[in-house]
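Subject: Structure for you to look at

Hello,

I am passing on the structure we talked about. Please open it alongside this note; what was found follows below.

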Amino acid sequence: MCMNGTINPLPNLRYPVRSMTQLNMTMWSMVVDCPAVAAKAQEGQFVHLLPDGSYTLRRPISICEIDKEAGTLRLVFEVRGDGTKTLSQLKAGDTVDLLGPLGHGFTTLPENASAVMIGGGIGTPPMLPLAQHYGKNGTVICGFRNKDAAILQSDFAKTGADTILCTDDGSAGHHGLVTEPLKALLEQKKTDIIYACGPMPMLKAVAALAKEKGIRCEVSLEERMGCGVGACLVCACNIYLEDGSVHAGHVCKDGPVFDAERVVWNG
């Protein structure tokens, strides 16, 4: 705030779109030139995009790739309504209103640690920076409805990590849930940490397996968000404090990444 009581305007939050690519019928990949944001970004964080037009709420999008040298972020998102449809219509050379990086990201161990990354549906993109970090010491398990919904499989393969694709209908890869190959893997191979992002039932099942095996596990929760900075109550979630009491936290501010054992898994 200035000395005369007026409020300074926010800095320019518009950044140029470098590329926009359609991945399948509903999924899009956007690369944005934003050096200052990319320099601070960490695996598991997200950005808040405001579609052009008469929209008042931003859309939270997980960070899919971070290129600090090039100063870019890659954002993969699904068209679910008018706002994300408007974002999908951007093209190279356009600018996008972007706020970030936001939230707490994943904890990364040394590259020689053994890590398993599990993504379900739209929860798959934030696993890519982790796979790039761990390379051949990582295993990626992705779950989708069918082969047409699967994304980023070639990107994961390029990291050197072992990749396992699961589909609900058996149209590609393993026919079944991501927890099935995860359970088999944990019985065969020493694992230092598990990461997961996807539907809540999947996260709950992954967390239970990790706890059973005594393996550290971090999960990224998906919730609707309003402000993205903890000022509203839209993305409330219950988490355990160190003394065992339950606290009403916020996915955007306290997360989106949490230690799996801190999450109150309902049901």
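To begin with the strands: β7 (residues 115–120) and β8 (residues 138–144) pair in the parallel sense, over 6 bridges. In that pairing, Val 116 stands opposite Thr 139 of β8.

Both strands belong to an open sheet of 7 strands, in the order β10-β9-β8-β7-β11-β12-β15. The pairing in this sheet is mixed. Its edges are β10 (174–175) and β15 (257–259). Each of these has a single partner strand, so one side of each has no neighbour in the sheet.

Please keep in mind that this is a predicted model. The chain has a mean pLDDT of 90, with 91% of its residues at 70 or more. The stretch to treat separately is residues 1–11, where pLDDT stays under 50. For that stretch the model has 4 contacts beyond four places in sequence.

Next, the helices. Helix α6 (residues 200–213) lies across three strands of the sheet, namely β7, β11 (193–197) and β12 (216–220). Relative to β11, α6 runs at about 170°.

Helix α6 also packs with helix α5 (residues 179–188): their axes come within 10 Å and cross at roughly 15°. With angles under 35 degrees counted as roughly parallel, α5 and α6 are therefore roughly parallel to each other. Their crossing is right-handed.

Which residues make the contact between α5 and α6? From α5 they are Thr 179, Leu 182, Lys 183, Leu 186 and Glu 187. From α6 they are Ala 205, Val 206, Leu 209 and Lys 213. By type, the residues of this contact divide into 5 nonpolar, 1 polar and 3 charged.

- The peptide bond from Gly 100 to Pro 101 is cis, and its omega is near 0°. Pro 101 is found in strand β6 (residues 95–102).
- Leu 152 is not a glycine, yet its phi is positive, at about 65°. Leu 152 sits in the loop between β8 and α4 (153–158).

That is what I have for now.

Regards

Technical notes
Residues numbered from 1 in each chain as written. Predicted model: local features only at pLDDT ≥ 70, side-chain atom pairs only at ≥ 80, totals over all residues. Heavy atoms only, no water. pLDDT = per-residue confidence, 0-100. Contact = heavy atoms within 4.5 Å. Axes fitted to C-alpha atoms, helices over the stretch in contact; angles between N-to-C directions. Helix = DSSP H or I, 4+ residues; strand = E, 2+ residues; numbered from the N terminus. Parallel < 35°, antiparallel > 145°, perpendicular 65-115°, else oblique. Left-handed = near helix turned anticlockwise from the far one by under 90°. Nonpolar A, V, L, I, M, F, W, Y, C, P; charged D, E, K, R; others polar. Pairing = 2+ DSSP bridges.
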